[in-house]
Amino acid sequence: MASSLSAASNGKSADKGKVIIIGLDGVTFDLIKPWAEAGHLPTMARLLQNGAHGNLASTIPAHSAPAWSTFSTGLNPGKHGVYFFLGPSRDEQYFRPVSAESIRGQRFWEVADMQGYNVGVINVPLSFPLRPVQNGYTIGGMFAPDAESTFSSRAIYDEVIAKFGDYVVEADRVPDRKAYYDAMMAGTRLRGDVAEYLMEKHPADLTIVVFRMIDSMMHNFWADMQPEHPLHDRFVDDAIPNGLLDAYKLLDDIVGRLIERAGPDATAMVMSDHGFRAEYRGYAVNKWLREQGLLTLKRGRGPLIMGVARTIQRLNLHNLAKKTLKATRGAVWQEAVWAAVDWDKTKVVYGPGPAFYINKKGRDAHGIVTDEEYEALRDQIIAGFKAIRDPENGLAVASDVYRPQDIYKGDEIHRAPDLIPVPAEYINEQGNRWGYGFGPMMMATQSFRANPRYTGAHSPNGIFLAQGPHIVPGEYDGLQIGDLPPLALYALGADVPAAMDAKVRTELFDPAFTAANPAIYSDLDILADAVSGQMMEDEEAAKVESRLKDLGYL
């Protein structure tokens, strides 16, 4: 590395105080502010009134995989190389799941650990397989195969199990909506209790805890609370109209307890990786590509496989699906999709991530698009997709379509999708945010269709709230998710790697404090020991893809 750091060299003796970051996956001010004003969220109300706050711009796309990777590293996707939960493998399998090993760059808690600070990291997405820390502990998130393997310390795992009897990384999806909701609430409550316990028994200078299951709750139960949602009446017997309000109340209580446990001298930050809004109608992007002559499906076997896959997915018979489709590589959904595509006649596909992938010659396993055709094809897709209008209301389905070079910078842009569309968002008559969804359905017969299962979707702006002895209260503009790593390191008293994309937003701190404690930017090369492009092998990949499908990402 370009340099090494130590607690002695960076002035840790100044002891600027502890830092706690609480991540609430997908939580939005669109719900927090009215519910806080109504008295439902006292902790959030206090933070809004007495602390710093502002919208926190997510990555493009506003998706958990690139967003949490940027949160973890302080690097944009063009540097850390993660754009979705699956990455293009450019081989016969086309896509494989990513993991912690896929993210290029040191995590900011590793930077703190290197400087002698004690860290406690709980359930940050894409933190499994675990990367060791010398001072403290980590608990991985999302795709760990079991609870035990996601603890860096077997002793702490045994301690947690002895105290709580269980630890839930993710609640398993079940067909019964109420049972699934109850399982996610129980898992969230347990995570809060475990985090508070670990903060008491194993205190850290830097504590990070993420509550991810609220994202799944909003995907699944958004329509329940909005009478104007087109799918609201679909959920009658199993509707949970106060489900999201109760979930936000639970998180509000947990956030209050964790901040109190951190103590009055701690800098506390509450954030989300993206926002959320209603999804009324989804657009079948691959149907559009078929209509444009850019995507061709195989005759016979492809449609048959897709039909079988959809039926088995609807009936939740995944073991039968594996036998029926003889899926020996990857998960059933992926096998079905790629088996249906006639790659020798296909120039572009949409998905599995929220992006267009061009079947490029010399790069992809069956590429047919030449270098000479490539840019003209991208121009064609951009112009055509931005021109699509919903025939019911005349509204555009996309607000923009980006080339990766327009929004990313770094050596990992070659792993980026070829084009990234952004769904358009609107405000309805009731003042609620809604937008279109983009779906990868290969065999869709309708261009527009409401998603019967996921009635809420990601929105670009997450939340940021902070309080602490040196935080200046007020509303702040222009905050981005990549601002958080340098902000946290500075509040901790650590040096900030100059390689991070953002500098410290010192305006959030008291001027007297920043004058006495100027930000120190080190030449630490946080990319030096990184191996880019690591992806999961087949057996692990199948398990992860099954989980992604359950979560609604496939």
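Q292 is partly exposed, with 38% of its relative accessible area open; on the scale used here, buried means under 20% relative accessible area, exposed over 50% and partly exposed in between (1.4 Å probe, protein chains only). Q292 sits in the loop between α10 (285-291) and α11 (301-315). Its C-alpha is 9.3 Å from that of I381, a residue 89 places away in sequence.

A word on what we're looking at: this is a predicted model, where local features need pLDDT of at least 70 and side-chain atom pairs count only at pLDDT 80 or more, while totals for chains, interfaces and linings use all residues. Residues are numbered from 1 along each chain as its sequence is written, and side-chain values use heavy atoms, with hydrogens and water left out.

**The overall picture**

The protein has 18 helices and 22 strands. Those elements are DSSP runs numbered from the N terminus, helices being H or I with at least four residues and strands E with at least two. Of the 554 residues, 59% count as buried. Contact means heavy atoms within 4.5 Å, and among contacts between residues at least 6 apart in sequence, 74% join residues at least 24 apart.

**Helices against helices**

Let's start with α7 (residues 177-201) and α9, whose axes come within 9 Å and cross at roughly 5 degrees. That makes α7 roughly parallel to α9. By class, their contact has ten nonpolar, three polar and seven charged residues. The α7 side includes Y181, M185, D193, E196 and E200, and the α9 side includes L250, I254, R257 and R261.

For the angles, axes are lines fitted to C-alpha atoms, for helices over the stretch in contact, and values run from 0 to 180 degrees between N-to-C directions. Angles under 35 degrees count as roughly parallel, over 145 as roughly antiparallel, 65 to 115 as roughly perpendicular and the rest as oblique. As for the classes, Ala, Val, Leu, Ile, Met, Phe, Trp, Tyr, Cys and Pro count as nonpolar, Asp, Glu, Lys and Arg as charged, and the others, Gly among them, as polar.

Now for α1 (residues 29-37) and α2 (residues 42-50): their axes come within 9 Å and cross at roughly 95 degrees. The two helices are therefore roughly perpendicular to each other. F29, I32, K33 and A36 of α1 make the contact with M44, A45 and L48 of α2. Six of the residues in this contact are nonpolar, none is polar and one is charged.

Then there's α3 (residues 64-73). Ten of its ten residues are buried, so α3 is largely enclosed by the rest of the structure. Among the buried residues are W68 and F71, along with S64 and T73. Just after α3, G74 takes a positive phi of about 75 degrees.

**Salt bridges**

A salt bridge here is a side-chain nitrogen of Lys or Arg within 4 Å of a carboxyl oxygen of Asp or Glu. By this rule the count comes to 30. Three of them are set out below.

| D253 | R257 | 3.2 Å |

D253 and R257 both lie in α9 (residues 243-262), four residues apart, about one turn of the helix. An α-helix has 3.6 residues a turn, so residues three or four places apart point the same way. D253 is partly exposed at 41% relative accessibility, and R257 is partly exposed at 22%. Both belong to a salt-bridge network that also links D193, E196, E200 and R261.

E392 lies in the loop between α14 (371-386) and β12 (398-402) and R281 in strand β9 (residues 275-284), so the pair ties together parts that are 111 residues apart in sequence. E392 is exposed at 62%, whereas R281 is buried at 17%.

D418 is buried at 1% relative accessibility, while R363 is partly exposed at 24%.

**A buried aspartate**

D224 lies in helix α8 (residues 213-225), and at 2% relative accessibility it counts as buried. Its side chain reaches the backbone nitrogen of I240 at 2.8 Å. Leaving aside neighbours within four places in sequence, the residues in contact with D224 include R177, H232, F235 and P241.

Terms used:
A polar contact is a pair of N or O atoms within 3.5 Å; within protein, one must be able to donate a hydrogen and the other to accept it, and residues adjacent in sequence count only if both atoms are side-chain atoms.
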